[in-house]
Amino acid sequence: MRLHPKNRACVISHTWGRYSQSGVMDDLYEELLATAEQEAPERYDQQTSILQPGFPLPLPPKLQLPHSRRGRKESGFHKTERICLRQIHKALFQHQWHKASALMTNYFQNIEDKSYRRQRSSYERFWRLGTEILRHHPRSKIDDFNSFLDRMKNIGVKNYLKICLEHSFHLLSNGMLEDANRQLSLAESWRCRDTCATQQQMIQGYRGLLDYYTWVQKSDALPETEKYDYTAATAKQDMQSYFRQASVNLSAIIKQPGVWDPFVLSYVNLLEFYDDHDAALHMLNDYAYDNKFPPNPNAHVYLYQFLKRHQAPWRKLVKVLRILQLLVPSHELMLEFCSLLAVPDKRKYHHEALKVLFSLLDYSSWKDNPDAWNSLEKTIQLVFKVGASAWIKDEWASRKGWWPAFHFSAYQAKKTLAENAPVAYSKAFVAGLLLGKECKYFKTIYKGGRKKRPEMLKEMKKYIANHSLAE
Amino acid sequence: MFLRKTFKHTQSHSRYKVLLVFYLFTPPPQRDYREPCAQCSEVTWGITDEGKFYCRSCHNVIEKTKEVTTADSFTANARIFSISKGLRKKTKLEQGREWYLCEGFQFILKLQADAIQALGVCPQFKDEILCSFWRRYLQKSRQAYTKKPLEDMMRIRKASESSQSSDSQSLGGWSSSSESELDEGQSDKNSGPASTSRSRSPLSDDFTSVCSGSVDGRLHRPQRQRARMLLSMPMTLAFCSMSLLWLRESITLSELLRFAAEGHIPYINVYQSFPEELKLYGKDTHIFRVDSFPSCESIQQHIYKIAAFLDLPRFPEITENCVLHPNILCIKYLMEANLPDEIHSYIWRVVKRTGMGEEASLTFDPLAKPAIPINYDIKAASIIIVTLKLIFKLDDEFEWSLSNDAESVNRNKEGVEIFNFRKWYKTMKLALDKANEGVEEDVARYMWQCKKPIFYSSKTRSVVVKKKRMVVNLQQQFKKLTGSVPRTPQQPPSSFQFTWDEESQDKPCFHGHSLRAFLKKSAVYELLNTGYWHTALKQCRKEYCKGHLHLEEPHLPRSYIFILNLFSFMLKVDSALLHAEVHETERLLLKAKAPTTPSGKRRRRVLHLIPCL
C-alpha cells in the first residue's frame, strides 16, 4: 500500500501547516525577527526615530542586502556555509540529487559551529534538507532514511516530536505500519516542558491515520464472495473495531483548527463506507466554512467532490465552487464551474462564467489550454446572443494593456498554430473580436490556416466583422 | 617578597627556554647512528631534547640515546639550545608535553616554508631568510634566545602588583599558577613565594588545567597584541610574505594568499598535523584555529608591524630587473588578462611618467615614516587599467565604435589580426563567469573543521566528541549516496588562473593582436583617443573613507566596471580597493595637469593628454 505521490505531497504541506498550530512556526518566525532586528539595529532605530511612534513599520529589507554591506565582516566559515546552502537549494530545485548529497556531506560540518543561535536554526535545516535528499535520491533506501532520522533526533532534541511524526508518516507511506507505530510510541514516551497536551493530540491523530490504513488493508483483504462466512464475520468485526478507534482519533484531531487534509480524506472515506453521510457532510462543512480554520482551498474541493458524489442539487455545487473561485481563481475546477454555469436563458450566469474564464486565462498555466479557450469562445458567442457585449468590454478594459503581449503576439501565433492548432483558432477568434481583424494574431492565424480550414476561418472573419469590439 | 622572587627567577631562567623540539630549519643529520628506522626504514635520525634518537620522517623515538660528547656542535650555543633533560613533565589531563606557543607556530611556519620551497623559490628562503627573521622575532619578543624571558618578566610585574595589592585573591591565579607549575620541586623549599602561591593553589591548579594546553597559552591575550607582537595565524603568512619580499621572489602577496586558499600552502587546520605531544586545549584552540583567510591588507599591516618591531633595515631594492617591478609584473597580468602585448609599450610610458617605477618608491623601508604600504600586484593592475583607459577610453562608447571598425578591417584583410575589444570582452566575460562559478563551488565545498575534535575545556569534551562522531557518521552516509560523482582533481599550483590558447575555439588568445584600430594612421604611438575621464581627484582621509566604488558604481561606465571586476578576481582583492589604487595612479599621472582646487564634477575631460606622453 503506497500513497499516491500527489497525496503525499499534500500531506507534507499539511504537516507544515500543522506545525504552525503547535507553535513551532511561530518560534521560527520569532527567531527570524530576532535575527533581522539584531542585524539591523541602527537602521531600524533611525527609521522609527524619524517617524511617529506607534506606526507599525515593516521589517527593513536588510535580509535581502548583500552580505558584504551588512556591517560586520563575515567569516570564511560562515561564507562557506551560506554559499553551500545556496548551492544545495539550487541542486534540489534542479533535482540533482547526487550533487545535493555531495554538498550536504560538506554542509554537515556546520553541526560543529560553536554559536548556539546558529545551531538552533541550522538543526532544522539539516533535517529538512537531508530528508528531502534521501526521499528523492535514487540510491537511498529506507534504512538510510531511518538511520538518518534517528541521528537527527539525537542532535536536534527540540525537533524530536516533529521528526518522529514525520518519520512515522514516511514509514506509513511506504507501507511499514508496524514501524510507523513504533515511531509513534517513541514520540509518546518523549516528554518536554509544555508540549504534552498538543503532543498527545497529534500522536493520537497519527494513530488514527494508522488505524485507518489497517482498516483499508483489512477491507481490501475481505473476499467478496464469502461475505456471509463465519471468518468474514469476524473480519468484519475486526474492521469495525479499527473503524471505531480511527474515527474517534480522527474526529478529535479534525476538530482542532488547522490543515488536516489526509486526515479529513481518511475520515470521509470511513464514514462513507458505513453510510454515515450526514456526519461526513457536517464535518466537511465545518472544515470548509469554520472561520477558526485557516483558509484552505482543498477543504472546498473535498466538499465539492463529496457533494458531487452524492448528487447534490446544482445550486449547492455552484455555491461551493463560487467560494473556491474567490480563493483560487486558477483552480482546475473552474472549467467545471463554467460548464455548470452554462444554463440556457440565465443572463446572470453567463456574465459570471465570462468573468471566471477571463480571470482563469490571466494565469500562465492556462495559456495554451484548449478547453479554456474553447469555452471562452463559446461563452463569448453566448453573450453576444444575449446581446450583452458590454460585459466583454468591461472585462477587456483592465486587460487591454497586457493581454496582447501576454496572449496575442505574432510569435505565439506561429508557435501555437504549429503545435496546437485548435487553441490557435480559438485564440484567433477572441483576438479578432477584441483587437479587430487587423491584429497581428488573427492575421497570422488567418494566413497560416487558410489552406487547411478555409471555410471555418472565413466564417470566423465574417462573425468578427459583424461583432468586433475593437475601437 | 619582591626581591626574593626576582632572585628566584634569575636562578631559574637558565633552564628556561626549551625550544626546537621539532627542528625548524634543517638541522645537520646525525651521523653517529645509521640503522634504518623500524617504522619507516628511513635513515634520518634526529635527537630529541632528552638525548634520544628519533626518526625525522615518522617521529618515532627509539630507545637508543646519544652519547654526549663535549665537541658536539650544539654545545657552542648551549644557552640557546639548552636542553632540559627530564624537566618537561607530563602534565595533567593526558596533555602530552609541556610546550610553548612559539613552538607550535614554528612547526606551522616550517610546514609553510616547506610548501613555499616546493613551489620553487630560491633555496635561501627557508634556512637563511625566514629562519633569521624568526629567530630575531623570538629574541626581540623575548620568547627565546634571551636572558630575560618574557614570562619571567610578566611574573615579576604581576608579583609586584600582587604584593602591593592587599586583595591578592582577586588578581586571578594565572601568574602564580604558572609559577607553581614551572617551579614545582625547586620552589618547594622556598617557603616565601611558595606560601603565597600555595594558599591559592587548589583553585589555581584547576584554573590552569582549564586554561590551555600550552604553557604560555593563557598569557596570550588579544589586548597585549599591540604591545608585545604576539603571534597569530595571519602572522605566519606575513613572515612568509616578508621573506619572499626580501628575496624579491616572484610570488606576490595576493598569489601567496591564493595558494593558501587553494590549499597549496598549509593554513587552515594546520594544527591537526601537530605531533601527538602537542595537545591543543583551552585557549590554544582560539589561537591556532582559523575560520577565514586573511585579507591582503591585514597581512600587509602585519608585515609593517613585524618589520618595524624587528628593526629591519631597508629591504633590497626593487630594480627594473626584478619581477616585482611594475614593468615586469604588468607583463604577467597582461598575459593573464589576454590583452595584446603591444599595450606594454604604453604601460612602460605610464610607469615612467607617473614615477611608479622608481626604486625609492618601490623599495620597502620599515624605518621610513610614514610607512606607505606597497602592494606590487595592485599597483601593476592599476597601471594596466589606467593604460587601458588611455587607449580604449572605456566610456561605453568609444571602445565599441572602434570595435566595429576593427571587425570590418579583420573581415577584409588577411595578416595580423586587429584587436577587437568586443570579441575580447565576450571571451573574458565567459571565462570570468565560469571561473567565478568554479570559485564559488570551491568555497561551498571547503572543509573548515579539522578531522580530530578539539575542545575548549574538559567540560565540553563529551559534547564535542559526540558531535564530531555524529558529523563523521552523517558524512559517511551521504558520501555513500554521492558514489562516483567525479570531483575535479586539485589543480597543481599555478601563477595563472586563466590560460589562453591560439588554437582553441572557446579560449582564443589575443596576445599577438595589433592595436592598429586604436592608433592614428600616421604616427606610431599616437592614439586615436584624445579624451580621458576620471573621477574626482580629491584625496580623502583614509580612516573615514570606506571606498568610493559603492557610491560611484552606478555612474561609472560598464566596461570599466567589468575590467575592474576582472582584475579584482585575478588578484583576489576587493574591487573598491583596486578602484582606489587606480584613482591614486591617475592622480600621479595627472599631477601636473590636476587643478589645485578640484571641482566637484565627477567625470572630467582632460584633453591632449596622450600626445605629451
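1. Let's start in chain B. B:Phe392, B:Trp400, B:Phe419, B:Phe421, B:Trp424, B:Tyr425, B:Phe510, B:Phe518 and B:Phe562 come together as one aromatic cluster. Keep in mind as you read on that this is a predicted model.

2. How many aromatic pairs does the structure hold over all chains? The count is 57. One to look up is A:Trp215 with A:Phe273: the ring centres are 4.9 Å apart and the planes sit at 90 degrees, so we call this pair edge-to-face. Anything over 60 degrees goes by that name.

3. That pair also links distant parts of the chain. A:Trp215 belongs to helix α10 (residues 196–221) of chain A, while A:Phe273 belongs to helix α12 (residues 261–273) of chain A, and the two residues are 58 apart.

4. Is A:Trp215 buried or exposed? Its relative accessibility is 4%, so it counts as buried; the cut-off for that is under 20%.

5. Back in chain B, have a look at B:Tyr446 and B:Trp448. This aromatic pair is tilted, with 5.2 Å from centre to centre and 45 degrees between the planes. Both B:Tyr446 and B:Trp448 are buried.

6. Now for the place where the chains meet. On chain A, 38 residues are in contact with 30 residues of chain B. The size of an interface is often given as the accessible area lost when the parts come together. Here, the area buried between chain A and chain B is about 3,200 Å², and carbon and sulfur atoms give 58% of that. Which three residues supply more than any other three of the area that chain A buries against chain B? They are A:Thr105, A:Glu112 and A:Arg151, with 20%.

7. What about charges and polar atoms? Three salt bridges are found across the interface of chain A and chain B. One of them joins A:Lys99 to B:Glu441, with the closest N and O atoms 3.9 Å apart; the cut-off is 4 Å. There are also 16 residue pairs in polar contact across this interface, with both residues at pLDDT 80 or more.

8. α5(A) gives the most, with eight residues. Sorted by class, this side of chain A has 14 nonpolar, 15 polar and nine charged residues.

Methods:
Residues numbered from 1 in each chain as written. Chains lettered and ligands numbered in written order. Predicted model: local features only at pLDDT ≥ 70, side-chain atom pairs only at ≥ 80, totals over all residues. Heavy atoms only, no water. Contact = heavy atoms within 4.5 Å. Buried area = accessible area lost by both parts, 1.4 Å probe. Salt bridge = Lys/Arg side-chain N within 4 Å of Asp/Glu carboxyl O. Polar contact = N/O pair within 3.5 Å; in protein donor to acceptor, adjacent residues only side chain to side chain. Helix = DSSP H or I, 4+ residues; strand = E, 2+ residues; numbered from the N terminus. Nonpolar A, V, L, I, M, F, W, Y, C, P; charged D, E, K, R; others polar. Phe/Tyr/Trp six-rings, centres within 6.5 Å; stacked < 30°, edge-to-face > 60°. Buried < 20%, exposed > 50% of the residue type's maximum accessible area, 1.4 Å probe, protein only.
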